[in-house]
Amino acid sequence: MADTQGKDDGGTVRSVERALAIVELLGEHQELGLEELHYLTGLPKATVSRLLHTLQEQGWLYRGLCDRRYRLCSRRLFGNPTQRFSRLLVEQAAPLLLELSESTGLVADLSYFDGDELHVMESSIPEVLRKRYPGNRLVIGLRASLFHSAMGKACLGELDSAEVQRLAHHHRISGDELLRAHEQTHNRGFGERTEGSWEYAIRLPFLIRAVALPILSQGRLVGSIALHWPRDTNSVESVQERHLGKLANTVSQLQQNLG
């Protein structure tokens, strides 16, 4: 007698139907959390959790380090090469960000540069700082400043003056401001956050400092990785001396992985 466990009358495996429903929802909404998927599917939370775990193990899903939301993996996306590459960048960077943040004790952030805007894609917060960063997950998906953030300045350092002027016009910013940020990065060899600035609507309860290096793929600028920390804990000089080499090694490894 054939085994019918887990099948309905039509012979369809219910777990496959449910998994496909999750894949379709993520394709429609781009990203969803466990609670949202539980609500949208009408399935018990434990069932959704098991399905998500299986889909993740099989290479269908990526779960954000910082916001813990689920997204389809880059190789499951179709029709938008820019979106596929930015997702691939996150997937390749995630384990490296985890290792970097834990080895330095600092927050490691990843950005993606689309040619005009800089997008915050991922963030890894070390255990020692998690209580100080309860809302950091809210910055994922936001735009970072090209001329105030360390990640932005690291990107500017890779561009020529004409491209910097174009970006200044695009963002309606003084070209001199961007050129100064561009020159500062060239002189220092890394991007450094403008002291006291904060471009997001979500504010941390303390000031931060940050340093960043650019990411290149096949000679093209694609983003940057930053280390940032509460201003009251370290100077830029001490982090530069102790951790800039680790940041450079992380960027180098990511660039090799991107191939």
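Which elements each supply at least two residues of the lining of the largest cavity? In this predicted model, local features need pLDDT of at least 70 and side-chain atom pairs count only at pLDDT 80 or more, while totals for chains, interfaces and linings use all residues. Residues are numbered from 1 along each chain as its sequence is written, and side-chain values use heavy atoms, with hydrogens and water left out.

The opening question is answered by α5 (150-156), β7 (208-217) and β8 (220-230), each of which supplies at least two residues of that lining. Helices (H or I, at least four residues) and strands (E, at least two) are DSSP runs, numbered from the N terminus. The structure holds one cavity of 30 Å³ or more, and the volume of the largest cavity is about 140 Å³. The largest cavity is lined by 14 residues, and D109, M151, R193, Y200 and H228 are the closest to its centre. By class, this lining of the largest cavity has nine nonpolar, three polar and two charged residues. Here Ala, Val, Leu, Ile, Met, Phe, Trp, Tyr, Cys and Pro count as nonpolar, Asp, Glu, Lys and Arg as charged, and the others, Gly among them, as polar.

A cavity is found on a 1 Å grid over the protein atoms alone, as a set of points where a 1.4 Å probe fits but cannot get out; a pocket is an open set with protein on both sides within 12 Å along at least five of seven lines, and lining residues have an atom within 4 Å of a point. Grid points are joined across faces, edges and corners, and a volume is the space filled by probe spheres set on the points.

Turning to the pockets, the largest pocket holds about 390 Å³ of space. Its lining consists of 17 residues, with E31, R71, S86, R87 and M121 nearest the centre. Both α4 (81-104) and β4 (118-124) supply at least two residues each to this lining, and α4 gives the most, with five. The lining of the largest pocket divides into six nonpolar, six polar and five charged residues. The second largest pocket has a volume of about 210 Å³ and is lined by 12 residues, of which L65, C66, S123, I125 and R130 lie nearest its centre. Its lining has six nonpolar, three polar and three charged residues.

The axes of α4 and helix α8 (residues 236-258) come within 10 Å and cross at roughly 150 degrees; axes are lines fitted to C-alpha atoms, for helices over the stretch in contact, and angles run from 0 to 180 degrees between N-to-C directions. The two helices α4 and α8 are therefore roughly antiparallel to each other. Angles under 35 degrees count as roughly parallel, over 145 as roughly antiparallel, 65 to 115 as roughly perpendicular and the rest as oblique. The crossing of α4 past α8 is right-handed, the near helix being turned clockwise from the far one by less than a right angle. Contact (heavy atoms within 4.5 Å) involves residues including F85, L88 and L89 of α4 and H243, K246 and L247 of α8. This contact of α4 with α8 has nine nonpolar, seven polar and one charged residues.

Two further helix pairs complete the picture. Helix α6 (residues 161-170) and helix α7 (residues 175-188) pack at about 135 degrees, with axes 9 Å apart, which makes α6 oblique to α7. Their contact is made by S161, V164, Q165, L167 and A168 of α6 and G175, L178, L179 and H182 of α7, with five nonpolar, four polar and no charged residues. Helix α1 (residues 14-29) packs against helix α2 (residues 34-41) at an angle of about 115 degrees, with their axes 11 Å apart, so α1 is roughly perpendicular to α2. In this pair, I22, L25 and H29 of α1 meet L37, L40 and T41 of α2.
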